[in-house]
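Please read this report with the sequence and the model side by side.

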Amino acid sequence: MSEAKELGLPEDAFDKQDGEADLDFYSAPRLVTHIDDAAVAALTRHYASLLKPGDRVLDLMSSWVSHLPPDLALDVVGHGMNTDELGANPWLGRWFVQDLNRDPVLVEPDAAFDAVLICVGVQYLQRPVSVFRELRRVLRPGGVIVASYSNRCFPTKAVAIWRHLDMEGQATLIRLYCEKAGFSDIRPLVLADGRSGDPLIAVDAHA
């Protein structure tokens with residue numbers, strides 16, 4: 001069964017306008033932030049409310065920045081699509097490149113992490129249920145996943161269903177991914193309302 005059918009969505013829900021290989025698209029480093037400073041600060045505060053010193057964190061779909069609280073000692077593993085970006089991220093003790101749309105299976109062991117963070121990347125997943133099931137597998141019981149997003153994206157690489165939803169609908173879509181993957185205590189939170197800058201919503205869930 002396709003993931004679209006499993007989720008009750010149209011068969012073309014996870015199609016993209018740009019069929020170029022994702023690793024090729026992301027081959028040039030983009031050393032920029034994709035949300036403004038106020039949204040970054042709101043996300044950092046949210047992470048600070050959830051994480052504790054010594055937590056092991058998987059920063060999925062990471063880049064050269066992770067927006068983590070600067071005074072919090074964490075063990076961070078990064079995943080992304082560009083070696084230059086990941087290599088420039090001072091938070092990452094270890095990192096790896098993997099196209100999750102081609103291979104959603106992570107090499108990380110079961111129950112290895114206290115938290116998984118996905119910052120402004122969930123909109124690009126074409127096999128989201130498979131990925132979220134993997135994330136639940138690598139989280140320790142009670143571990144948290146935080147999927148945050150704004151109203152920005154690379155539109156040709158975002159999946160069709162994402163482009164056709166407003167931000168409230170996108171939160172509902174992420175909730176659906178979480179439910180199908182077996183997460184519980186799923187909560188969408190408005191971290192920045194967008195009245196004076198970029199909007200930012202986070203969907204939290206627990207393994």
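In which sense do β6 and β7 pair, and over how many bridges? The two strands pair in the antiparallel sense, over seven bridges, where pairing requires that DSSP finds at least two bridges between two strands.

## Basis of the description

This is a predicted model, in which local features need pLDDT of at least 70 and side-chain atom pairs count only at pLDDT 80 or more, while totals for chains, interfaces and linings use all residues. Residues are numbered from 1 along each chain as its sequence is written, and side-chain values use heavy atoms, with hydrogens and water left out.

Helices (H or I, at least four residues) and strands (E, at least two) are DSSP runs that are numbered from the N terminus.

## The sheet

Seven strands make up an open sheet with mixed pairing, and their order is β3-β2-β1-β4-β5-β7-β6. At the edges are β3 (92–97) and β6 (184–193), each of which pairs on one side only. From one strand to the next the twist averages 15°, with axes taken as lines fitted to C-alpha atoms, for helices over the stretch in contact, and angles running from 0 to 180 degrees between N-to-C directions.

Strands β1 (residues 56–60) and β2 (residues 75–80) run parallel and are joined by four bridges, and Asp59 has Gly78 in β2 as its bridge partner. At the other pairing described here, β6 and β7 form a hairpin with five residues between them, and Gly194 in the turn has a positive phi of about 85°. The bridge partner of Asp193 in β7 is Pro199.

The buried residues of α5 are Pro128, Val129, Val131, Phe132, Glu134, Leu135 and Val138, with buried meaning under 20% relative accessible area, exposed over 50% and partly exposed in between (1.4 Å probe, protein chains only). The cover over these buried residues includes α1 (3–6), β1, β4, β5 and α7.

Just after α7, Gly182 takes a positive phi of about 95°.

## Two loop residues with positive phi

His67, in the loop between β1 and β2, has a phi near 60°, a positive value in a residue other than glycine. At 14% relative accessibility, His67 counts as buried.

Ala111 lies in the loop between β3 and β4, and its phi, near 50°, is likewise a positive value in a residue other than glycine. At 34% relative accessibility, however, Ala111 counts as partly exposed.

## Aromatic rings

The count comes to four aromatic pairs, under a rule by which rings of Phe, Tyr and Trp (its six-membered ring) pair if their centres lie within 6.5 Å, with planes under 30 degrees apart counted as stacked, over 60 as edge-to-face and the rest as tilted. One of these pairs, Phe14 with Tyr177, is tilted, at 6.4 Å centre to centre and 50° between the planes. Phe14 lies in the loop between α1 and α2 (22–25) and Tyr177 in helix α7, so the pair ties together parts that are 163 residues apart in sequence. Phe14 is buried, with a relative accessible area of 7%, and Tyr177 is buried as well, at 1%.

Phe132 and Tyr177 form an edge-to-face pair, 5.6 Å centre to centre with 65° between the planes. This pair links distant parts of the chain, with Phe132 in helix α5 and Tyr177 in helix α7, 45 residues apart. Phe132 is buried, with a relative accessible area of 0%. One aromatic cluster is formed by Phe14, Phe132, Tyr177 and Phe183.

## Cysteines

The count of disulfides comes to zero, a disulfide being a pair of cysteine sulfur atoms within 2.5 Å. Cys119 is buried, with a relative accessible area of 13%. Cys178 is in no disulfide, and the nearest cysteine sulfur, that of Cys119, is 16 Å away. At 1% relative accessibility, Cys178 counts as buried.

Definitions and conventions: Contact = heavy atoms within 4.5 Å.
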